[in-house]
Amino acid sequence: MFPMKFNDRPKHLLVIEDQDSLRANLSLLLELEGFRVTTAPDGIRGLELARSERPDLVLCDLMMPGLDGLGVLRELRADPTFDGTPFLFLTARGEQSDRES
């Protein structure tokens, strides 16, 4: 279980998602659960925010225009200061044909 607080401060999550409505809804749900949430509309902005904000967890869309989720993950994993920072992929693609491509 991911604790919502660390040293009496809310856990800070970064949500990187290019679909506005999904990003807003996910952010709202997480905030209602007590997390501090920062959002980014694309991978490039997400990397900038990850480096400046140092979130406790990154939730990132897998498929985005420009820098996709795999690119964000590669960049963060190349930076030793992000060792141990959990990174989760989000995707709206759930069909068998989507998973095979």
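A residue is termed buried under 20% relative accessible area, exposed over 50%, and partly exposed in between. The model on display is predicted, and the tour below applies these classes at several stops.

**Overview**

Of its 101 residues, 36% count as buried. Among contacts with a separation of 6 or more, 64% join residues 24 or more positions apart.

**Leucine 70**

Select Leucine 70, which is found in helix α3. Because its relative accessible area is 37%, leucine 70 is classed as partly exposed. Once neighbours within four places in sequence are left aside, leucine 70 is in contact with Leu62 and Phe89.

**The nonpolar cores**

Next, show side chains for Leu14, Ile16, Val58, Cys60, Val72, Leu76 and Phe87. These have the most contacts inside the largest nonpolar core, which has 14 residues. Colour β3 (12-16), α2 (43-53), β5 (57-61) and α3 (69-77), the elements that give two or more residues to this core.

Centre the view on phenylalanine 87. Which residues does phenylalanine 87 touch, not counting those up to four places away in sequence? They are Val58, Cys60, Gly69, Val72, Leu73, Leu76 and Arg77.

**The α2 and α3 pair**

Hide the side chains and display helices α2 and α3. Two packed helices are described by the angle and the distance between their axes. Here the axes come within 9 Å and cross at roughly 25 degrees. Angles under 35 degrees count as roughly parallel, and α2 and α3 are therefore roughly parallel to each other. The crossing of α2 past α3 is right-handed.

From α2, select Gly43, Leu47, Ala50 and Arg51; their counterparts in α3 are Val72, Glu75 and Leu76. The residues of this contact divide into four nonpolar, one polar and two charged.

**Threonine 38**

Move to threonine 38 in strand β4 (residues 36-40). Is this residue buried or exposed? Threonine 38 counts as buried, because its relative accessibility is 14%. Beyond residues up to four places away in sequence, threonine 38 touches His12, Leu13, Leu14, Val15, Leu49 and Glu53.

**Two loop residues**

Select arginine 54, in the loop between α2 and β5. Most residues other than glycine have a negative phi. Arginine 54, although not a glycine, has a positive phi of about 50 degrees. With a relative accessible area of 38%, arginine 54 is partly exposed.

The last stop is proline 86, located in the loop between α3 and β6 (87-90). Proline 86 is also partly exposed, because its relative accessible area is 32%. Apart from residues up to four places away in sequence, proline 86 touches Asp56, Leu57 and Val58. Finally, draw a C-alpha to C-alpha distance from proline 86 to leucine 59: the value is 8.6 Å, for two residues 27 apart in sequence.

How values were computed: Residues numbered from 1 in each chain as written. Predicted model: local features only at pLDDT ≥ 70, side-chain atom pairs only at ≥ 80, totals over all residues. Heavy atoms only, no water. Core = buried A, V, L, I, M, F, W, Y, C linked by side-chain atoms within 4.5 Å. Buried < 20%, exposed > 50% of the residue type's maximum accessible area, 1.4 Å probe, protein only. Helix = DSSP H or I, 4+ residues; strand = E, 2+ residues; numbered from the N terminus. Contact = heavy atoms within 4.5 Å. Axes fitted to C-alpha atoms, helices over the stretch in contact; angles between N-to-C directions. Parallel < 35°, antiparallel > 145°, perpendicular 65-115°, else oblique. Left-handed = near helix turned anticlockwise from the far one by under 90°. Nonpolar A, V, L, I, M, F, W, Y, C, P; charged D, E, K, R; others polar.
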